[in-house]
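Subject: Structure handover

Hello,

Here is the structure, with notes on what turned up in it. Please look it over before we talk.

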Amino acid sequence: LPNVKLIHKPVSLQPRGLINKGNWCYINATLQALVACPPMYHLMKSIPVYSKSQRPCTSTPMIDSFVRLMNEFTNMPVPPKAKQALGDKIARDIRPGAAFEPTYIYRLLTVIKSSLSEKGRQEDAEEYLGFILNGLHEEMLTLKKLLSPHNEKICVSNGPETQSVNEEEDQDEQGEGSEDEWEQVGPRNKSSVTRQADFVQTSITDIFGGHIRSVVYQQSSKESATLQPFFTLQLDIQSDKIRTVQDALESLVARESVQGYTTKTKQEVEISRRVTLEELPPVLVLHLKRFVYEKTGGCQKLIKNIEYPVDLEISKELLSPGVKSKIFKGQRTYRLFAVVYHHGNSATGGHYTTDVFQIGLNGWLRIDDQAVKVINQYQVVKPSAERTAYLLYYRRVDLL
């Protein structure tokens, strides 16, 4: 793993549907998005495949299973440009491979303790993605520890809590030790105290790991900032004003006042908080938070339509002051390559499917468990009442 170089070049894979004999659509939908993610595919292909007899016992069940998954897919030649012009003609040429059932992936839920494997509850594709990325990240951290046993700093108990911004850890240039504090002088010579959790990098954080900066402002005291890592960027879409992904991103970084905050002397003080994007990952996963807990009705699903672009530019206004000038346009422009949808009106039931971009087709595929069909780009972004976009997978265009 230390020698693995991430490759972002897309691969043309022969699509294969996934057989679903249980309530596994949330897993199948997530797996198809990850197979369509080039750096993830190349990462797993760069790790050797070991048979059960070679390694009867393993400390990395998750890595093993994902290496096996990626090896189920074979390359398909990219058609020459002249042929691509015919578009529809090639569409008919895409012959999916045989569908298969990735039982070894389902088994991970029982091997690795997870609340996701409790029978009888509708599962969540976003929670499952977190389970996968944290699990792979932690296995890689454990392996890192084997290489540097004297390095006590690598702490392994650090997966993000579900539904919070991931607390998974990373070490930035600035930090040593846990909950580091350092004083930073920002624009206009204002200084702020910044805290950050220990952050150890792995190939998984190199693909999906970003950082948000959360700053708390209080009258007559230094602003204090915390850097928080994330694997998926959580977007609140409840407000009626939020109609597009851009609106949701702007709302994420809007300054909000924090109510009822009192000092040690019991005086109420005015405090506000602002979140900005400090570091953008090569693969940005946006989570449209459709499942909302209401005191009266339990968990409800927001069915509203949110528009999302195929080409997404993260505007400079969303970035932290210290990085605005360092991140040039290509590094904050993304292209959509997978959408995971949730079907149905209920938060406790429903179904998941995925649309993925297929480079050989130079177009999109719609995958519903074992069914695979060609669709056009308009169908990917077109609003639909019966299925709502839930997770949007984007990759940075300067790496395409």
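Start with Lys-241. This residue counts as exposed because its relative accessibility is 73%; the classes are buried for under 20% relative accessible area, exposed for over 50%, and partly exposed in between, using a 1.4 Å probe and protein chains only. Lys-241 sits in the loop between strand E7 (232-236) and helix H9 (245-252). Helices (H or I, at least four residues) and strands (E, at least two) are DSSP runs, numbered from the N terminus. From Lys-241 to Ser-251 is 10 residues in sequence and 9.3 Å in space, C-alpha to C-alpha.

A word on the basis. This is a predicted model, in which local features need pLDDT of at least 70 and side-chain atom pairs count only at pLDDT 80 or more, while totals for chains, interfaces and linings use all residues. Residues are numbered from 1 along each chain as its sequence is written, and side-chain values use heavy atoms, with hydrogens and water left out.

Overall picture

The protein has 10 helices and 18 strands. Of its 400 residues, 50% are buried. Take the contacts (heavy atoms within 4.5 Å) between residues at least 6 apart in sequence: 69% of them join residues at least 24 apart.

H1 against H6

Two packed helices are described by the angle between their axes and the distance between the axes. For H1 and H6, the angle is about 115° and the axes are 11 Å apart. Axes here are lines fitted to C-alpha atoms, for helices over the stretch in contact, and angles run from 0 to 180 degrees between N-to-C directions.

Which residues meet? H1 brings Tyr-26, Ile-27, Asn-28 and Leu-31, and H6 brings Ile-105, Tyr-106 and Leu-109. By class this contact has 6 nonpolar residues, 1 polar and no charged. Ala, Val, Leu, Ile, Met, Phe, Trp, Tyr, Cys and Pro count as nonpolar, Asp, Glu, Lys and Arg as charged, and the others, Gly among them, as polar.

H6 has these buried residues: Tyr-104, Ile-105, Tyr-106, Leu-108 and Leu-109. They pack against H1, H3, strand E2 (97-100) and helix H7 (125-147).

The cavity

There is 1 cavity of 30 Å³ or more. The largest cavity holds about 50 Å³ of space. On a 1 Å grid over the protein atoms alone, a cavity is a set of points where a 1.4 Å probe fits but cannot get out, and a pocket is an open set with protein on both sides within 12 Å along at least five of seven lines; lining residues have an atom within 4 Å of a point. Grid points are joined across faces, edges and corners, and a volume is the space filled by probe spheres set on the points.

The lining of the largest cavity is Cys-25, Asn-28, Ala-29, Gln-32, Tyr-352, Thr-353, Thr-354, Ile-367, Asp-368 and Asp-369. H1 gives the largest share, 4 residues. The lining splits into 4 nonpolar, 4 polar and 2 charged residues.

Two positive phi values

Asp-369, one of the cavity-lining residues, has a positive phi of about 50° although it is not a glycine. Asp-369 lies in the loop between E16 and strand E17 (371-375). It is buried, at 14% relative accessible area.

Asn-362 also is not a glycine and has a positive phi of about 50°. Its place is the loop between E15 and E16. Asn-362 is partly exposed, at 46% relative accessibility.

The second largest pocket

This pocket has a volume of about 780 Å³. It is lined by 26 residues, and the closest to its centre are Arg-55, Thr-58, Thr-60, Asp-64 and Ser-65. Helix H3 (61-70) and helix H6 (103-111) are the elements that give two or more residues. H3 gives the most, with 6. The lining has 15 nonpolar, 6 polar and 5 charged residues.

Pro-15

Pro-15 is in the segment before strand E1 (16-18). It is buried, with a relative accessible area of 7%. Leaving out residues up to four places away in sequence, Pro-15 touches Met-76, Ile-94, Pro-96, Gly-97, Gln-358, Leu-365 and Val-372. Pro-15 and Met-76 are 61 residues apart along the chain, with 9.0 Å between their C-alpha atoms.

Best wishes
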